[in-house]
Amino acid sequence: QVQLVESGGGSVQPGGSLRLSCAASGSNFNIDTMGWYRQAPGKQRELVAAIRSGGSSNYADSVKGRFTISRDNAANTVSLQMNSLKPEDTAVYYCNARVLIVATIFNNYWGQGTQVTVSS
């Protein structure tokens, strides 16, 4: 089992910045990909950004150039620096870890979610 604990989030005015962090804990796990998803009211959960253990990353088009994902493999942590925030970034943000079990079998784990509100 892997537990994900998120921190950060909160309320900010448009144009402001926030940083989300997520720490994974457990025993004997190998995390392949860590990422952040978000879900706004009435909408489906969507990928914001993800980063693999080798460092390659991908972003949703809506956040490219504004958000930066980073990862510390030794500490099993992932962070999301969010700049130039917009009201449409308002959502609950969830940390995700894709854990290699064996061969090509993976398990997905989720954090509890943290609210980000962008409003004037």
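These questions and answers cover salt bridges and a surface patch in a predicted model. Residues are numbered from 1 along each chain as its sequence is written, and side-chain values use heavy atoms, leaving out hydrogens and water. In this predicted model, local features need pLDDT of at least 70 and side-chain atom pairs count only at pLDDT 80 or more, while totals for chains, interfaces and linings use all residues.

User: How many salt bridges does the structure hold?
Analyst: A salt bridge is a side-chain nitrogen of Lys or Arg within 4 Å of a carboxyl oxygen of Asp or Glu. By that rule, the count for the structure is six.

User: Which strand holds the Asp32 that meets Arg52 in a salt bridge?
Analyst: The side chains of Arg52 and Asp32 meet at 2.9 Å, N to O. The pair links distant parts of the chain, 20 residues apart. Strands (E, at least two residues) are DSSP runs, numbered from the N terminus. Arg52 sits in strand E5 (residues 46-52), and Asp32 in strand E4 (residues 30-39).

User: Is Asp32 buried or exposed?
Analyst: Buried means under 20% relative accessible area, exposed over 50%, partly exposed in between (1.4 Å probe, protein chains only). The relative accessible area of Asp32 is 10%, so Asp32 is buried.

User: How many residues apart in sequence are Arg98 and Asp32?
Analyst: Arg98 forms a salt bridge with Asp32, with the closest N and O atoms 3.1 Å apart. Arg98 lies in strand E9 (residues 91-102) and Asp32 in strand E4, so the pair ties together parts whose separation in sequence is 66 residues.

User: What is the relative accessibility of Asp89?
Analyst: Asp89 forms a salt bridge with Arg66, and their closest N and O atoms are 2.7 Å apart. Arg66 counts as buried because its relative accessibility is 10%. Asp89 also counts as buried, because its value is 1%.

User: What is the area of the nonpolar surface patch made by Ile101, Val102 and Ile105?
Analyst: Patches are made of residues with over 30% relative accessible area and no salt bridge; like charges are joined within 9 Å, nonpolar side chains (Val, Leu, Ile, Met, Phe, Trp, Tyr) within 5 Å. Accessible areas come from the Shrake-Rupley method with a 1.4 Å probe; for residues, only the protein chains shown count as cover. Ile105 counts as partly exposed because its relative accessibility is 48%. Together, Ile101, Val102 and Ile105 make a patch of about 260 Å².

Note on methods. Helices (H or I, at least four residues) and strands (E, at least two) are DSSP runs, numbered from the N terminus.
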